[in-house]
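Subject: Structure handover

Hello,

Here is the structure I said I would pass on.

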Amino acid sequence: MRLMRAGASLALLTLAFPRAGHAQIAVVVHPSNTIEGLSLDKLRRLFLGQARTFPAGGHARLGVLSSSAETFDRAALGLQPDIVRSRWMAMIFRGEATTIPAELTTADDVKRFVRDHPDAIAILPVAQLDASVKAIAIDGRRPSEAGYVIH
Amino acid sequence: MSFIERGSALSRCVLRALSCCAILVSAFATRAGAQEHEMGDADARTVIHGFTDVTYLTGGNNTGRTSAFGLGQFDLYMTSRISDRLSFLGETVFEFDDESGEFVVDVERVIAQYALTDHLRIDAGKVHTPLGYWNNAYHHGLVMQPTIERPQLVQFEDDGGPLPIHTVGVQLSGRDISEAHLGFDVLLGNALGNRPTTDNRNEAASVTLALHSQLTSALRIGVSGYRDAVRTGTPTPRGDSLTAPMTQTIGGGFLAFFANRAEAVVEGHEVSNRSAGVSTDSPNWFAYAGVRVAERVVPYVMHEDVRLADNDPYFTSDRFKREILGIRYEHTARSVLKAELRSLDRRSFDRATELGLQIALAF
């Protein structure tokens, strides 16, 4: 009985924190941006260079926190980091992109990037969120809600 | 010429080519970085990249050659963002030319690009003709290409490919339009046989239309068409010239799927030539598929079938069937090793088998 209870607790823990060791990654925009959420498909298209605008039509300027990039690539884009990198290289090589997403070193760099660019969309560990950026929902779920996919 | 003399001539050519590259690079680069060179202020940022490869192909087995290592193209690629909307893209290749016996410089792409909106842009210059998928997804840097060589159908013109791979002209392109994520390309360019200058052999023009959709982030489908009114006297791939005007029409389509585990491309083009009462149709296609079995390892297969019609007014009639079994090791995004076992069945030749190895780099 005790073993079953322990098993059930472990299962609940696994559901609540599906990939222990991987911090949740928030997708953030400028506080003035009216967008509240994106579909995972749209997020993928944006960060793979297949789309360049928010659903409402405004230009999207991409920023990536280097230390969160691997988790984001695997969890949100569904690809290995090297594949994401080679896709961007290929797009620049084809003339379909002129720059790769801005690579930012620290959480403060991400916040500065978002603050300075009203069209920015970037990634940030949930623990680093504050009022200077606005976290948006992905597929209807906000960071820390059950079922949020980027972790 | 002895082997040593040939070797020293080759060394001189390589040194000359590398000197040219060094001059080009030093002319454009003011700050050397690990991966890129930048020049100028934020509004005029020039980035230079390069690609190269070394390939080993076995001989014998009806291949008509001996086993040898081969230098691939030494490709310098540069982009410059001139303003928010205007950018430049150039690709120059140094490669060994068998006919002249020397390294030659070939300007493969020179494009002035103006972004009208986030969805529309205009390109002017020498571009890859927007036919199908492979020709626009993969250019001269082989590190990004899944296989050692381009499929024969989309092989470069000077390597015997049947399609007009490059066109000099002006192109309007659209991407990610509507909920269907549609894209299009309309290219108006010089006709077959013309030079990349205004000093042309004829005044005819070619038109290419392409329509595609990025259905999901992994799946893209599309169709394309090309029409060219070719004038009398235009040189043919056979080495002679057209004795009468010819109309060339190319219609094709593709499906390309690239996910984390699986990848596939199926592409076909039919080339129809009409000249002096002779009409021919040449159906051609290829299929590629690969599966990522480990983080960096992708085994793959490819089948190609190129049929150039008998009595064609432009092509040398041919039947080219090739099967490839290969494996790719992606050491990094910038360095890839490939190995292939290939079997080629070509009209009038015995079936040839060969092993190919390649290291391809981006820098």
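The model is predicted, so a cut-off was applied: local features need pLDDT of at least 70, side-chain atom pairs count only at pLDDT 80 or more, and totals for chains, interfaces and linings use all residues. Residues are numbered from 1 along each chain as its sequence is written, while chains are lettered from A and ligands numbered from 1 in the order in which they are written.

The two chains

Chain A has five helices and six strands. Helices (H or I, at least four residues) and strands (E, at least two) are DSSP runs, numbered from the N terminus. Read from the N terminus, the order of elements in chain A is α-β-β-α-β-α-α-β-α-β-β. Chain A has 151 residues, of which 36% are buried. A residue is buried if 20 or more other C-beta atoms lie within 10 Å of its own, exposed if 12 or fewer, and partly exposed in between, with C-beta atoms placed from the backbone.

Chain B has two helices and 19 strands. Of its 363 residues, 34% are buried.

Contacts were also sorted by how far apart the partners are in sequence. Two residues are in contact if their C-beta atoms, placed from the backbone, lie within 7 Å. Taking contacts with a separation of 6 or more, residues 24 or more positions apart make up 67% of them in chain A and 50% in chain B.

The sheet of chain A

Which strands stand at the edges of the sheet in chain A? The sheet is open, has six strands in the order β2-β6-β1-β5-β3-β4, and is mixed in its pairing. Two strands pair if DSSP finds at least two bridges between them. The edge strands are β2 (37-38) and β4 (102-104) of chain A; each has a single partner strand, so one side of each has no neighbour in the sheet. β2(A) runs parallel to β6(A) and is joined to it by two bridges. In this pair, L38(A) is opposite I138(A) of β6(A). Strands of a sheet pair through backbone hydrogen bonds, either parallel or antiparallel.

Helix α5 (residues 107-116) of chain A lies across β1 (25-29), β3 (61-65), β4 and β5 (120-125) of that chain, at about 155 degrees to β5(A). Axes are lines fitted to C-alpha atoms, for helices over the stretch in contact, and angles run from 0 to 180 degrees between N-to-C directions.

What is buried

Helix α2(A) has L43(A), R45(A), L46(A) and F47(A) among its residues, and these four are buried. The buried residues of α2(A) pack against β1, β2, β3, α3 (66-77), β5 and β6 of chain A. After α2(A) comes G49(A), with a positive phi near 75 degrees.

The largest nonpolar core has 72 residues, and those with the most contacts inside it are V27(A), V28(A), V114(A), A122(A), I123(A) and L124(A). A nonpolar core is a set of buried Ala, Val, Leu, Ile, Met, Phe, Trp, Tyr and Cys residues joined through C-beta atoms within 7 Å. Helix α4(A) gives the most to this core, six residues. A second, separate core has six residues, including A191(B), V230(B), L242(B) and M246(B).

Where the chains touch

In the interface, 23 residues of chain A are in contact with 23 residues of chain B. On the chain A side, α2 (40-47) and α4 (81-94) each supply at least two residues. The largest share, nine residues, comes from α4(A).

Individual residues

V126(A) is in the loop between β5 and β6 of chain A. Is V126(A) buried or partly exposed? V126(A) has 17 C-beta neighbours inside 10 Å, so it counts as partly exposed. Leaving aside neighbours within four places in sequence, V126(A) is in contact with A23(A), Q24(A), A26(A), P143(A) and S144(A).

S144(A) itself is in the segment after β6 (134-138) of chain A. Its phi is near 80 degrees, a positive value in a residue other than glycine. S144(A) is exposed, because 12 other C-beta atoms lie within 10 Å.

N311(B), not a glycine, also has a positive phi, of about 60 degrees. N311(B) is in the loop between β16 (297-308) and β17 (318-332) of chain B. N311(B) counts as exposed because it has 8 C-beta neighbours inside 10 Å.

Regards
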